Amino acid sequence: MPLCQEDGTPLLLVLRSACACDGADPGDPEVAGWIDPATGSYTAGPAPAGAGPCPSSDCASVSVLRLCDNTGDDCVPFLRHLVHDCDGAVTASTDTGTDGTSPYTPAGEAIDCGDCPCDDPTKAVPLCDYQPDGSSAQFLRFLTYDCETGQVTDQFDTELDAVTPYTPVGEVGECGQCRPVPMCPQLLGYSGPDTWVMPEGTESLAVTVVCGPVTVTDCAGNVTVISECGAAFNWSSPAGSCAPGSLCGPFTVDLPEGAAVYINLLAPCDVGDVS
């Protein structure tokens, strides 16, 4: 609020009110300090002795404008306090920071903050290139926006050094997404003499003996001879949080002359035909 010193010099009194919570009545405002409009300097504490209402101050008023200091390299917001007389004419003004008390001196042109140029129309977005084999490669995508519409007008990709060009070869998405490896079932029939070797990445396996004997050797080196015709065995690996599980290898099924088996497995689609 505006006051005047004994010599008629105007000053701006800065008031502070405590927060009122849960419907309580707000307390009386306290004097935080005062501003000299001529210099913009702020002094904490009560107004100078003898300060009081200005002549005809019953209709004087103060307005505050939020402006921005445009230096060409930056656009800094600040507050401009304007003292108006009874006719509405500005009699004094002072600039402060956005806290309303710290003196501020514009270094460039004072403009409406809505007229500030784009701070940074180009943004770097980290993305991941999900490869067909289930792996992923991280890269940067630089997006250029139109300042007025916000639409993307240009984009280019680089490696994480922000310099080396990068071309995605898989599906692009946010990093950390769960992208399981596609799995394909296969049903195989074998007759001896032959040896079948389980492909790497197999998630589940079922072996049905048509005619024995057949010899199964697992990854721990355990050897099991199965002679009973019609016997069936199943193995499966529990899936993880994202990718499918995988049985350990090597895993082989040996068939002598006259033996036969059916093998049903679930493995990555890219292993191809394992017959």
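Predicted model: local features only at pLDDT ≥ 70, side-chain atom pairs only at ≥ 80, totals over all residues.

Biologist: Thanks! How many residues are in the largest nonpolar core?

Modeller: That core has 20 residues, and those with the most contacts inside it are Trp196, Leu205, Val214, Val253, Val261 and Ile263. A nonpolar core here is a set of buried Ala, Val, Leu, Ile, Met, Phe, Trp, Tyr and Cys residues joined through side-chain atoms within 4.5 Å. Buried means under 20% relative accessible area, exposed means over 50%, and partly exposed is in between (1.4 Å probe, protein chains only).

Biologist: And which strands supply at least two residues each?

Modeller: Those are E13 (183-191), E15 (204-211), E16 (214-217), E19 (252-255) and E20 (260-268). The largest share, 4 residues, comes from E20. Strands are DSSP runs of at least two residues (E), helices are runs of at least four (H or I), and both are numbered from the N terminus.

Biologist: What does Val253 touch?

Modeller: Leaving out residues up to four places away in sequence, Val253 touches Asp194, Thr195, Trp196, Val207, Val214, Thr215, Val216 and Ile263. Contact means heavy atoms within 4.5 Å. There is also a second, separate core of 6 residues, which includes Leu12, Ala32, Ile35 and Val83.

Biologist: Switching to cysteines: how many disulfides are there?

Modeller: The count comes to 4, taking a disulfide as a pair of cysteine sulfur atoms within 2.5 Å. One of them joins Cys68 to Cys113, with 2.1 Å from S to S. That link is right-handed, with 100° about the S-S bond.

Biologist: Where do those two cysteines sit?

Modeller: Cys68 is in strand E5 (residues 61-70) and Cys113 is in the loop between E8 (109-111) and E9 (122-130), so the pair ties together parts that are 45 residues apart in sequence. Cys68 is buried because its relative accessibility is 3%.

Biologist: Which cysteine pairs with Cys128?

Modeller: Cys175 does, with the sulfur atoms 2.1 Å apart. Cys128 is buried at 6% relative accessibility, whereas Cys175 is partly exposed at 32%.

Biologist: How far apart are the sulfur atoms of Cys219 and Cys248?

Modeller: They are 1.8 Å apart, and the two form a disulfide. Cys219 is in the loop between E16 and E17 (223-226), Cys248 is in the loop between E18 (232-236) and E19, and they are 29 residues apart.

Biologist: Last one: is Phe142 buried or exposed?

Modeller: Phe142 counts as buried, at 15% relative accessibility. Its place is in strand E10 (residues 136-145). Not counting residues up to four places away in sequence, Phe142 touches Thr122, Lys123, Ala124, Asp154, Gln155, Phe156, Thr158 and Ala162.

Key:
Residues numbered from 1 in each chain as written. Heavy atoms only, no water.
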